[in-house]
Amino acid sequence: MTEEPAADVPNDVPNDVPNDLPNDLPNDLPNDLMDRIVNVCKRRGFIFPSAEIYGGFRSTYDYGPLGVLLLRNVKDAWWRAMVQYRDDVVGLDAAILSAPKIWEASGHLSNFTDPLVDCRSCRERWRADKIEGACPNCGSTDLTEARAFNLMFKTFAGPVEEDATVAYLRPETAQGMFVNFLNVLQTTRKKPPFGIAQVGKSFRNEITPQNFVFRTREFEQMEMEYFVPPPDAQKWFEYWLDERYRWYLDLGIPPEKLRLRHHDPDELSHYSAATADVEFLFPWGWDELEGIANRTDFDLKAHSAASGEKLEYFDQASGERYVPYVIEPAAGATRAMMAFLLAAYDEDEVGGEKRTVLRLDPRLAPYQVAVLPLSKNDTLVPLSREVLGQLQPICMCDFDVTQSIGKRYRRQDEVGTPFCVTVDFDSLEDRAVTVRERDTTEQVRVPIDALATEIGGRLGR
Ligand code: GAP
(Lines give C-alpha, C1' and ligand atoms only; values in the text may rest on other atoms or scores of the structure.)
Protein backbone atom coordinates (compact mmCIF):
# COMPACT_ATOMS: atom_id res chain seq x y z
CA MET A 1 0.00 0.00 0.00
CA THR A 2 1.27 3.49 -0.80
CA GLU A 3 0.33 6.89 0.51
CA GLU A 4 -0.14 8.86 -2.73
CA PRO A 5 -3.50 10.58 -3.10
CA ALA A 6 -5.93 8.49 -5.15
CA ALA A 7 -6.16 9.56 -8.80
CA ASP A 8 -9.41 9.29 -10.69
CA VAL A 9 -8.90 5.77 -12.02
CA PRO A 10 -11.78 3.62 -13.28
CA ASN A 11 -12.56 0.79 -10.89
CA ASP A 12 -12.30 -1.92 -13.54
CA VAL A 13 -10.63 -5.27 -13.10
CA PRO A 14 -7.08 -5.51 -14.42
CA ASN A 15 -5.29 -8.72 -15.35
CA ASP A 16 -3.97 -11.29 -12.94
CA VAL A 17 -0.29 -12.04 -12.63
CA PRO A 18 0.36 -15.53 -14.01
CA ASN A 19 1.09 -18.01 -11.26
CA ASP A 20 4.69 -18.69 -12.31
CA LEU A 21 6.63 -20.48 -9.64
CA PRO A 22 10.42 -20.50 -9.57
CA ASN A 23 12.16 -23.85 -10.07
CA ASP A 24 14.79 -23.25 -7.44
CA LEU A 25 12.65 -23.49 -4.34
CA PRO A 26 14.34 -22.30 -1.16
CA ASN A 27 13.92 -25.54 0.81
CA ASP A 28 13.35 -29.28 0.53
CA LEU A 29 9.78 -29.07 -0.81
CA PRO A 30 8.87 -30.72 -4.10
CA ASN A 31 9.23 -28.14 -6.89
CA ASP A 32 5.59 -28.44 -7.85
CA LEU A 33 4.27 -28.26 -4.28
CA MET A 34 1.80 -25.50 -5.16
CA ASP A 35 0.40 -27.57 -8.02
CA ARG A 36 0.06 -30.57 -5.71
CA ILE A 37 -1.76 -28.52 -3.05
CA VAL A 38 -4.09 -26.95 -5.63
CA ASN A 39 -4.72 -30.44 -6.99
CA VAL A 40 -5.52 -31.98 -3.58
CA CYS A 41 -7.73 -28.99 -2.74
CA LYS A 42 -9.77 -29.41 -5.92
CA ARG A 43 -9.86 -33.22 -5.99
CA ARG A 44 -10.74 -33.70 -2.33
CA GLY A 45 -13.17 -30.80 -1.94
CA PHE A 46 -11.18 -28.19 -0.02
CA ILE A 47 -11.21 -25.33 -2.52
CA PHE A 48 -12.89 -25.00 -5.93
CA PRO A 49 -12.39 -22.21 -8.47
CA SER A 50 -15.56 -20.12 -8.19
CA ALA A 51 -18.22 -20.23 -10.94
CA GLU A 52 -16.34 -23.07 -12.61
CA ILE A 53 -19.26 -24.20 -14.79
CA TYR A 54 -19.20 -20.69 -16.33
CA GLY A 55 -15.47 -20.77 -16.94
CA GLY A 56 -14.53 -19.36 -13.52
CA PHE A 57 -14.41 -15.82 -12.17
CA ARG A 58 -10.92 -14.40 -11.80
CA SER A 59 -9.19 -15.36 -8.59
CA THR A 60 -12.33 -16.12 -6.62
CA TYR A 61 -12.69 -19.42 -4.83
CA ASP A 62 -15.40 -21.48 -3.16
CA TYR A 63 -14.61 -23.49 -0.04
CA GLY A 64 -15.89 -27.06 -0.40
CA PRO A 65 -17.00 -29.60 2.25
CA LEU A 66 -13.48 -30.11 3.64
CA GLY A 67 -12.38 -26.51 3.08
CA VAL A 68 -15.15 -25.04 5.24
CA LEU A 69 -14.19 -27.41 8.05
CA LEU A 70 -10.48 -26.55 7.85
CA LEU A 71 -11.13 -22.81 7.54
CA ARG A 72 -13.62 -22.91 10.43
CA ASN A 73 -11.04 -24.74 12.56
CA VAL A 74 -8.40 -22.07 11.77
CA LYS A 75 -10.85 -19.33 12.78
CA ASP A 76 -11.96 -21.26 15.90
CA ALA A 77 -8.33 -21.78 16.96
CA TRP A 78 -7.75 -18.03 16.58
CA TRP A 79 -10.94 -17.22 18.53
CA ARG A 80 -9.99 -19.60 21.33
CA ALA A 81 -6.53 -18.03 21.67
CA MET A 82 -7.66 -14.42 21.27
CA VAL A 83 -11.05 -14.39 23.06
CA GLN A 84 -12.06 -17.60 24.84
CA TYR A 85 -8.86 -18.12 26.85
CA ARG A 86 -8.59 -14.46 27.86
CA ASP A 87 -10.59 -12.16 30.07
CA ASP A 88 -9.39 -8.94 28.44
CA VAL A 89 -10.72 -9.42 24.87
CA VAL A 90 -14.35 -9.40 23.67
CA GLY A 91 -15.84 -10.20 20.28
CA LEU A 92 -17.68 -8.19 17.63
CA ASP A 93 -19.29 -8.79 14.25
CA ALA A 94 -19.69 -5.45 12.47
CA ALA A 95 -21.44 -4.72 9.17
CA ILE A 96 -19.53 -5.24 5.93
CA LEU A 97 -21.42 -2.39 4.27
CA SER A 98 -21.30 0.82 6.26
CA ALA A 99 -21.22 4.62 6.15
CA PRO A 100 -18.68 5.98 3.62
CA LYS A 101 -17.73 8.53 6.29
CA ILE A 102 -15.88 5.69 8.05
CA TRP A 103 -13.55 5.29 5.07
CA GLU A 104 -13.11 9.02 4.68
CA ALA A 105 -12.08 9.38 8.34
CA SER A 106 -9.87 6.26 8.38
CA GLY A 107 -7.91 7.53 5.38
CA HIS A 108 -8.88 4.62 3.13
CA LEU A 109 -10.59 6.86 0.55
CA SER A 110 -7.42 8.85 0.03
CA ASN A 111 -4.66 6.42 1.04
CA PHE A 112 -5.73 2.86 0.35
CA THR A 113 -4.13 2.65 -3.07
CA ASP A 114 -1.65 0.61 -5.05
CA PRO A 115 0.42 2.04 -7.94
CA LEU A 116 -1.06 0.86 -11.25
CA VAL A 117 0.68 0.84 -14.66
CA ASP A 118 -0.61 -0.12 -18.12
CA CYS A 119 1.49 -1.82 -20.77
CA ARG A 120 0.99 0.25 -23.96
CA SER A 121 1.90 -2.75 -26.15
CA CYS A 122 -0.39 -5.53 -24.88
CA ARG A 123 -2.69 -3.43 -22.63
CA GLU A 124 -2.15 -5.64 -19.56
CA ARG A 125 -2.29 -3.88 -16.16
CA TRP A 126 0.20 -4.40 -13.34
CA ARG A 127 1.10 -3.28 -9.85
CA ALA A 128 4.13 -1.06 -10.48
CA ASP A 129 5.87 -2.15 -7.28
CA LYS A 130 5.63 -5.85 -8.24
CA ILE A 131 7.31 -5.67 -11.68
CA GLU A 132 10.78 -4.59 -12.71
CA GLY A 133 10.31 -1.99 -15.41
CA ALA A 134 9.03 -4.40 -18.09
CA CYS A 135 5.63 -5.96 -18.78
CA PRO A 136 5.68 -9.56 -17.42
CA ASN A 137 3.31 -10.56 -20.25
CA CYS A 138 5.03 -9.26 -23.40
CA GLY A 139 8.33 -7.87 -22.12
CA SER A 140 7.66 -4.33 -23.40
CA THR A 141 9.13 -1.44 -21.42
CA ASP A 142 6.56 0.96 -22.90
CA LEU A 143 4.59 1.38 -19.67
CA THR A 144 2.41 4.29 -18.52
CA GLU A 145 3.35 6.39 -15.50
CA ALA A 146 2.22 4.73 -12.26
CA ARG A 147 -1.03 6.13 -10.90
CA ALA A 148 -2.78 5.47 -7.59
CA PHE A 149 -5.56 2.89 -7.82
CA ASN A 150 -7.98 2.76 -4.88
CA LEU A 151 -8.51 -0.83 -3.77
CA MET A 152 -11.97 -0.42 -2.24
CA PHE A 153 -14.97 -2.00 -3.97
CA LYS A 154 -17.61 0.63 -4.63
CA THR A 155 -21.34 -0.05 -4.74
CA PHE A 156 -24.67 1.72 -4.12
CA ALA A 157 -26.90 1.29 -1.07
CA GLY A 158 -30.52 1.39 -2.22
CA PRO A 159 -32.17 1.55 -5.64
CA VAL A 160 -30.75 4.90 -6.81
CA GLU A 161 -27.24 4.99 -8.25
CA GLU A 162 -25.99 8.47 -7.35
CA ASP A 163 -23.19 10.03 -5.32
CA ALA A 164 -25.35 10.20 -2.20
CA THR A 165 -25.87 6.43 -2.16
CA VAL A 166 -22.25 5.36 -2.76
CA ALA A 167 -21.08 2.71 -0.28
CA TYR A 168 -17.96 0.55 0.00
CA LEU A 169 -17.36 -3.05 0.97
CA ARG A 170 -15.00 -2.99 3.95
CA PRO A 171 -11.34 -3.51 2.98
CA GLU A 172 -10.44 -4.47 6.58
CA THR A 173 -12.49 -5.53 9.61
CA ALA A 174 -10.58 -3.13 11.88
CA GLN A 175 -12.69 0.01 11.41
CA GLY A 176 -15.84 -1.71 12.72
CA MET A 177 -14.03 -2.13 16.02
CA PHE A 178 -12.90 1.51 16.24
CA VAL A 179 -16.36 2.92 15.52
CA ASN A 180 -17.84 0.60 18.19
CA PHE A 181 -15.21 1.53 20.78
CA LEU A 182 -17.66 3.45 22.99
CA ASN A 183 -20.43 0.84 22.63
CA VAL A 184 -18.09 -1.90 23.79
CA LEU A 185 -16.56 0.20 26.57
CA GLN A 186 -20.00 1.09 27.95
CA THR A 187 -21.56 -2.38 27.66
CA THR A 188 -18.66 -4.49 28.92
CA ARG A 189 -17.10 -2.17 31.54
CA LYS A 190 -13.65 -3.13 30.21
CA LYS A 191 -10.77 -0.78 30.74
CA PRO A 192 -7.41 -0.51 28.97
CA PRO A 193 -5.62 -2.73 28.34
CA PHE A 194 -8.48 -4.56 26.60
CA GLY A 195 -9.21 -5.78 23.09
CA ILE A 196 -12.01 -6.18 20.56
CA ALA A 197 -11.70 -9.15 18.19
CA GLN A 198 -13.45 -9.84 14.92
CA VAL A 199 -13.38 -12.49 12.20
CA GLY A 200 -14.99 -11.83 8.86
CA LYS A 201 -14.82 -11.11 5.15
CA SER A 202 -12.95 -8.19 3.67
CA PHE A 203 -12.78 -7.09 0.05
CA ARG A 204 -9.98 -5.46 -1.93
CA ASN A 205 -9.91 -4.87 -5.65
CA GLU A 206 -6.34 -6.22 -5.85
CA ILE A 207 -4.56 -5.35 -9.09
CA THR A 208 -2.67 -8.63 -9.03
CA PRO A 209 -4.47 -11.37 -7.12
CA GLN A 210 -2.17 -14.37 -7.21
CA ASN A 211 -0.86 -17.62 -5.84
CA PHE A 212 -4.14 -19.43 -5.27
CA VAL A 213 -5.84 -18.08 -2.10
CA PHE A 214 -2.76 -16.15 -0.94
CA ARG A 215 -4.02 -12.88 -2.44
CA THR A 216 -7.66 -12.72 -3.53
CA ARG A 217 -10.22 -9.95 -3.90
CA GLU A 218 -12.56 -11.51 -1.32
CA PHE A 219 -10.91 -13.01 1.75
CA GLU A 220 -11.33 -13.48 5.48
CA GLN A 221 -9.48 -11.63 8.18
CA MET A 222 -8.97 -12.30 11.90
CA GLU A 223 -8.17 -8.98 13.56
CA MET A 224 -7.94 -7.71 17.11
CA GLU A 225 -7.65 -4.10 18.27
CA TYR A 226 -5.98 -3.93 21.68
CA PHE A 227 -6.51 -0.58 23.43
CA VAL A 228 -3.71 0.39 25.82
CA PRO A 229 -2.51 3.41 27.82
CA PRO A 230 -0.13 5.24 25.42
CA PRO A 231 3.01 4.85 27.59
CA ASP A 232 2.52 1.05 27.50
CA ALA A 233 2.17 0.74 23.71
CA GLN A 234 5.68 -0.56 23.00
CA LYS A 235 5.43 -3.20 25.73
CA TRP A 236 2.13 -4.51 24.34
CA PHE A 237 3.43 -4.37 20.76
CA GLU A 238 6.25 -6.74 21.76
CA TYR A 239 3.84 -8.91 23.77
CA TRP A 240 1.55 -9.43 20.75
CA LEU A 241 4.47 -10.12 18.38
CA ASP A 242 5.45 -12.96 20.64
CA GLU A 243 1.91 -14.26 21.17
CA ARG A 244 1.06 -14.30 17.48
CA TYR A 245 4.35 -15.90 16.43
CA ARG A 246 3.82 -18.68 18.97
CA TRP A 247 0.21 -19.27 17.78
CA TYR A 248 1.45 -20.48 14.38
CA LEU A 249 4.19 -22.64 15.95
CA ASP A 250 1.69 -24.21 18.36
CA LEU A 251 -0.55 -25.20 15.44
CA GLY A 252 2.22 -26.95 13.58
CA ILE A 253 4.13 -24.46 11.41
CA PRO A 254 7.77 -25.59 11.75
CA PRO A 255 10.09 -22.93 13.22
CA GLU A 256 12.37 -22.98 10.16
CA LYS A 257 9.43 -21.83 8.01
CA LEU A 258 8.35 -18.98 10.29
CA ARG A 259 9.98 -15.63 11.02
CA LEU A 260 9.25 -12.12 12.24
CA ARG A 261 10.21 -9.20 10.02
CA HIS A 262 10.15 -5.60 11.24
CA HIS A 263 9.07 -2.98 8.69
CA ASP A 264 11.45 -0.23 7.65
CA PRO A 265 10.10 3.28 8.36
CA ASP A 266 9.36 3.86 4.63
CA GLU A 267 7.16 0.71 4.51
CA LEU A 268 4.81 1.78 7.30
CA SER A 269 1.11 2.38 6.60
CA HIS A 270 -0.22 5.90 7.15
CA TYR A 271 -1.55 4.95 10.62
CA SER A 272 1.39 2.98 11.95
CA ALA A 273 4.26 3.89 14.30
CA ALA A 274 5.72 0.36 14.12
CA THR A 275 4.79 -2.81 12.26
CA ALA A 276 6.22 -6.31 12.11
CA ASP A 277 5.01 -9.18 9.95
CA VAL A 278 4.85 -12.85 10.82
CA GLU A 279 6.20 -14.42 7.63
CA PHE A 280 5.96 -17.97 6.29
CA LEU A 281 8.32 -19.61 3.83
CA PHE A 282 5.93 -20.06 0.89
CA PRO A 283 7.10 -21.98 -2.21
CA TRP A 284 7.98 -18.61 -3.84
CA GLY A 285 9.89 -17.35 -0.77
CA TRP A 286 9.18 -15.53 2.51
CA ASP A 287 5.85 -13.73 2.51
CA GLU A 288 3.38 -12.17 4.96
CA LEU A 289 0.95 -14.19 7.06
CA GLU A 290 0.02 -11.50 9.55
CA GLY A 291 0.89 -7.90 10.40
CA ILE A 292 1.19 -6.63 13.97
CA ALA A 293 1.01 -2.84 14.12
CA ASN A 294 1.17 -0.06 16.66
CA ARG A 295 -1.64 2.08 15.18
CA THR A 296 -1.15 4.74 17.89
CA ASP A 297 -4.28 6.86 18.54
CA PHE A 298 -4.66 7.56 14.80
CA ASP A 299 -8.00 5.80 14.29
CA LEU A 300 -9.81 6.84 17.47
CA LYS A 301 -8.71 10.46 16.97
CA ALA A 302 -9.69 10.42 13.28
CA HIS A 303 -13.18 9.04 14.07
CA SER A 304 -13.56 11.48 16.99
CA ALA A 305 -12.76 14.42 14.74
CA ALA A 306 -15.07 13.25 11.94
CA SER A 307 -18.04 12.14 14.08
CA GLY A 308 -17.89 14.66 16.91
CA GLU A 309 -18.03 11.79 19.46
CA LYS A 310 -15.28 11.72 22.10
CA LEU A 311 -13.63 8.32 21.65
CA GLU A 312 -11.57 8.28 24.84
CA TYR A 313 -11.28 6.53 28.16
CA PHE A 314 -11.94 8.13 31.52
CA ASP A 315 -10.03 6.47 34.32
CA GLN A 316 -12.12 7.11 37.44
CA ALA A 317 -9.37 6.02 39.82
CA SER A 318 -6.83 8.59 38.57
CA GLY A 319 -9.29 11.13 37.15
CA GLU A 320 -7.31 10.92 33.90
CA ARG A 321 -8.97 11.13 30.46
CA TYR A 322 -7.02 9.86 27.46
CA VAL A 323 -7.23 8.40 23.93
CA PRO A 324 -5.80 4.87 24.07
CA TYR A 325 -3.15 3.64 21.65
CA VAL A 326 -4.01 0.53 19.66
CA ILE A 327 -1.91 -2.57 19.05
CA GLU A 328 -3.36 -4.58 16.19
CA PRO A 329 -2.54 -8.19 15.29
CA ALA A 330 -4.16 -8.55 11.81
CA ALA A 331 -4.16 -12.02 10.26
CA GLY A 332 -5.68 -13.53 7.13
CA ALA A 333 -7.78 -16.65 7.80
CA THR A 334 -7.71 -17.88 4.21
CA ARG A 335 -3.99 -17.14 3.91
CA ALA A 336 -3.26 -18.93 7.20
CA MET A 337 -5.26 -21.93 6.01
CA MET A 338 -3.07 -22.08 2.91
CA ALA A 339 0.11 -21.94 5.01
CA PHE A 340 -1.15 -24.74 7.28
CA LEU A 341 -1.88 -26.86 4.19
CA LEU A 342 1.57 -26.20 2.71
CA ALA A 343 3.32 -26.97 6.00
CA ALA A 344 1.30 -30.17 6.53
CA TYR A 345 1.79 -31.66 3.06
CA ASP A 346 4.03 -34.73 3.05
CA GLU A 347 4.70 -37.86 1.04
CA ASP A 348 6.08 -41.06 2.54
CA GLU A 349 5.91 -44.85 2.18
CA VAL A 350 3.73 -47.22 4.18
CA GLY A 351 4.16 -50.98 3.66
CA GLY A 352 6.15 -50.34 0.46
CA GLU A 353 3.37 -48.12 -0.92
CA LYS A 354 3.66 -44.36 -1.54
CA ARG A 355 1.15 -42.21 0.27
CA THR A 356 0.29 -38.52 0.49
CA VAL A 357 -0.40 -37.35 4.02
CA LEU A 358 -1.50 -34.01 5.44
CA ARG A 359 0.11 -33.86 8.87
CA LEU A 360 -2.38 -31.25 10.09
CA ASP A 361 -2.69 -30.56 13.79
CA PRO A 362 -5.81 -32.48 14.97
CA ARG A 363 -7.38 -29.15 16.02
CA LEU A 364 -7.22 -28.00 12.39
CA ALA A 365 -7.94 -31.24 10.50
CA PRO A 366 -11.34 -31.20 8.76
CA TYR A 367 -12.29 -34.55 10.35
CA GLN A 368 -10.73 -35.73 13.59
CA VAL A 369 -12.02 -39.28 13.14
CA ALA A 370 -13.18 -41.50 10.29
CA VAL A 371 -15.38 -44.44 11.23
CA LEU A 372 -14.82 -47.29 8.80
CA PRO A 373 -16.83 -50.53 8.80
CA LEU A 374 -14.45 -53.18 7.45
CA SER A 375 -17.07 -54.20 4.89
CA LYS A 376 -20.40 -52.94 3.67
CA ASN A 377 -21.88 -56.09 5.23
CA ASP A 378 -25.22 -55.31 6.85
CA THR A 379 -24.16 -56.77 10.17
CA LEU A 380 -21.26 -54.27 10.58
CA VAL A 381 -23.10 -51.08 9.67
CA PRO A 382 -25.44 -50.84 12.71
CA LEU A 383 -22.54 -51.24 15.17
CA SER A 384 -20.46 -48.76 13.13
CA ARG A 385 -23.29 -46.23 13.36
CA GLU A 386 -23.44 -46.77 17.11
CA VAL A 387 -19.69 -45.99 17.29
CA LEU A 388 -20.22 -42.91 15.08
CA GLY A 389 -22.99 -41.72 17.42
CA GLN A 390 -20.62 -41.95 20.40
CA LEU A 391 -17.91 -39.89 18.70
CA GLN A 392 -19.98 -37.18 16.99
CA PRO A 393 -20.60 -35.22 20.21
CA ILE A 394 -16.85 -34.77 20.76
CA CYS A 395 -15.48 -34.19 17.26
CA MET A 396 -16.15 -34.00 13.51
CA CYS A 397 -16.40 -37.49 12.02
CA ASP A 398 -16.48 -38.96 8.53
CA PHE A 399 -18.26 -42.23 7.83
CA ASP A 400 -16.92 -44.14 4.85
CA VAL A 401 -17.98 -47.58 3.62
CA THR A 402 -16.70 -47.56 0.04
CA GLN A 403 -13.64 -49.44 -1.36
CA SER A 404 -10.99 -51.50 0.41
CA ILE A 405 -9.86 -50.55 3.92
CA GLY A 406 -6.34 -49.74 2.59
CA LYS A 407 -7.75 -47.28 0.06
CA ARG A 408 -9.94 -45.69 2.73
CA TYR A 409 -6.91 -45.22 5.03
CA ARG A 410 -5.04 -43.51 2.15
CA ARG A 411 -8.01 -41.23 1.47
CA GLN A 412 -8.17 -40.18 5.12
CA ASP A 413 -4.37 -39.67 5.27
CA GLU A 414 -4.58 -37.40 2.24
CA VAL A 415 -7.10 -35.08 3.93
CA GLY A 416 -5.32 -35.16 7.29
CA THR A 417 -7.72 -37.22 9.44
CA PRO A 418 -5.69 -38.04 12.59
CA PHE A 419 -7.63 -41.19 13.61
CA CYS A 420 -9.40 -43.99 11.74
CA VAL A 421 -11.68 -46.27 13.74
CA THR A 422 -12.30 -49.61 12.07
CA VAL A 423 -15.22 -51.83 12.99
CA ASP A 424 -14.57 -55.47 11.97
CA PHE A 425 -16.28 -58.83 12.44
CA ASP A 426 -14.49 -59.41 15.78
CA SER A 427 -16.11 -56.18 16.98
CA LEU A 428 -19.45 -57.95 16.95
CA GLU A 429 -18.06 -60.46 19.47
CA ASP A 430 -15.68 -58.41 21.65
CA ARG A 431 -17.28 -54.94 21.30
CA ALA A 432 -13.85 -53.45 20.53
CA VAL A 433 -12.56 -51.51 17.51
CA THR A 434 -9.18 -50.74 15.93
CA VAL A 435 -7.89 -47.17 16.27
CA ARG A 436 -5.24 -46.26 13.66
CA GLU A 437 -3.12 -43.14 14.03
CA ARG A 438 -2.38 -41.16 10.85
CA ASP A 439 1.31 -40.23 11.25
CA THR A 440 2.68 -43.47 12.75
CA THR A 441 -0.04 -45.76 11.24
CA GLU A 442 0.08 -47.52 14.62
CA GLN A 443 -3.04 -49.53 15.46
CA VAL A 444 -4.48 -50.37 18.89
CA ARG A 445 -7.58 -52.25 19.92
CA VAL A 446 -9.97 -50.21 22.12
CA PRO A 447 -13.25 -51.31 23.79
CA ILE A 448 -16.20 -49.41 22.29
CA ASP A 449 -17.30 -48.31 25.75
CA ALA A 450 -13.91 -46.64 26.32
CA LEU A 451 -13.59 -45.19 22.80
CA ALA A 452 -15.00 -41.70 23.39
CA THR A 453 -12.70 -41.24 26.41
CA GLU A 454 -9.71 -42.62 24.45
CA ILE A 455 -10.29 -40.38 21.40
CA GLY A 456 -11.23 -37.38 23.56
CA GLY A 457 -8.01 -37.86 25.54
CA ARG A 458 -5.86 -38.12 22.41
CA LEU A 459 -7.50 -34.94 21.06
CA GLY A 460 -6.95 -33.18 24.38
CA ARG A 461 -10.71 -32.71 24.95
N1 GAP B 1 -6.23 -3.85 9.58
C2 GAP B 1 -4.91 -4.01 9.05
C3 GAP B 1 -4.85 -4.78 7.83
O4 GAP B 1 -5.87 -5.06 7.21
P5 GAP B 1 -3.20 -5.92 6.15
O6 GAP B 1 -1.74 -6.25 6.33
O7 GAP B 1 -3.58 -5.14 4.96
O8 GAP B 1 -3.59 -5.15 7.50
C9 GAP B 1 -3.92 -8.14 7.31
O10 GAP B 1 -4.04 -7.26 6.21
C11 GAP B 1 -3.84 -9.58 6.81
O12 GAP B 1 -4.97 -9.86 5.98
C13 GAP B 1 -2.62 -9.88 5.93
O14 GAP B 1 -1.48 -10.17 6.70
C15 GAP B 1 -3.09 -11.09 5.15
O16 GAP B 1 -2.94 -12.28 5.92
C17 GAP B 1 -4.57 -10.80 4.98
N18 GAP B 1 -4.82 -10.22 3.63
C19 GAP B 1 -4.69 -8.94 3.25
N20 GAP B 1 -5.00 -8.79 1.95
C21 GAP B 1 -5.35 -10.02 1.50
C22 GAP B 1 -5.79 -10.54 0.23
N23 GAP B 1 -5.96 -9.74 -0.83
N24 GAP B 1 -6.03 -11.88 0.13
C25 GAP B 1 -5.89 -12.70 1.20
N26 GAP B 1 -5.50 -12.26 2.42
C27 GAP B 1 -5.22 -10.94 2.58
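Begin the tour by selecting arginine 261 and glutamate 267, whose side chains form a salt bridge with an N to O distance of 3.0 Å. The structure on display is a predicted model. Side chains of opposite charge can pair when their charged atoms come close. Arginine 261 has a relative accessibility of 25%, so it counts as partly exposed. Glutamate 267, with a relative accessible area of 32%, is partly exposed. In total, the model contains 43 salt bridges.

**Second stop: helix α11 and strand β19**

Select arginine 410 together with glutamate 353; their side chains meet in a salt bridge of 3.5 Å, N to O. Arginine 410 belongs to helix α11 (residues 405-414) and glutamate 353 to strand β19 (residues 353-358), so this pair ties together parts that are 57 residues apart in sequence. Glutamate 353 counts as partly exposed because its relative accessibility is 44%.

Are aspartate 413 and arginine 355 buried or exposed? Both residues are buried.

Move to helix α6 (residues 181-188) and colour its buried residues, Phe181, Leu182, Val184 and Leu185. These residues cover an arc of only 165° around the axis, so they lie on the same side of α6. Where are the exposed residues Gln186 and Thr187 found? They are on the face of α6 turned away from its buried side. Now show what the buried residues of α6 pack against: β3 (89-91), α5 (174-179), β10 (194-203), β11 (218-228), α8 (298-307) and β15 (313-315). Just after α6, select arginine 189, which has a positive phi of about 60°.

**Last stop: helices α10 and α13**

Two packed helices are described by the angle between their axes and the distance between the axes. Select helix α10 (residues 380-391) and helix α13 (residues 448-458), which pack at an angle of about 35° with their axes 9 Å apart. The crossing of α10 past α13 is right-handed. To see the contact, show the side chains of Leu383, Val387, Gln390 and Leu391 in α10, which meet Ile448, Leu451, Ala452 and Ile455 in α13. Of the residues in this contact, 7 are nonpolar, 1 is polar and none is charged.

Technical notes. Residues numbered from 1 in each chain as written. Predicted model: local features only at pLDDT ≥ 70, side-chain atom pairs only at ≥ 80, totals over all residues. Heavy atoms only, no water. Axes fitted to C-alpha atoms, helices over the stretch in contact; angles between N-to-C directions. Helix = DSSP H or I, 4+ residues; strand = E, 2+ residues; numbered from the N terminus. Left-handed = near helix turned anticlockwise from the far one by under 90°. Contact = heavy atoms within 4.5 Å. Nonpolar A, V, L, I, M, F, W, Y, C, P; charged D, E, K, R; others polar. Salt bridge = Lys/Arg side-chain N within 4 Å of Asp/Glu carboxyl O. Buried < 20%, exposed > 50% of the residue type's maximum accessible area, 1.4 Å probe, protein only. Arc of directions from axis to C-beta.
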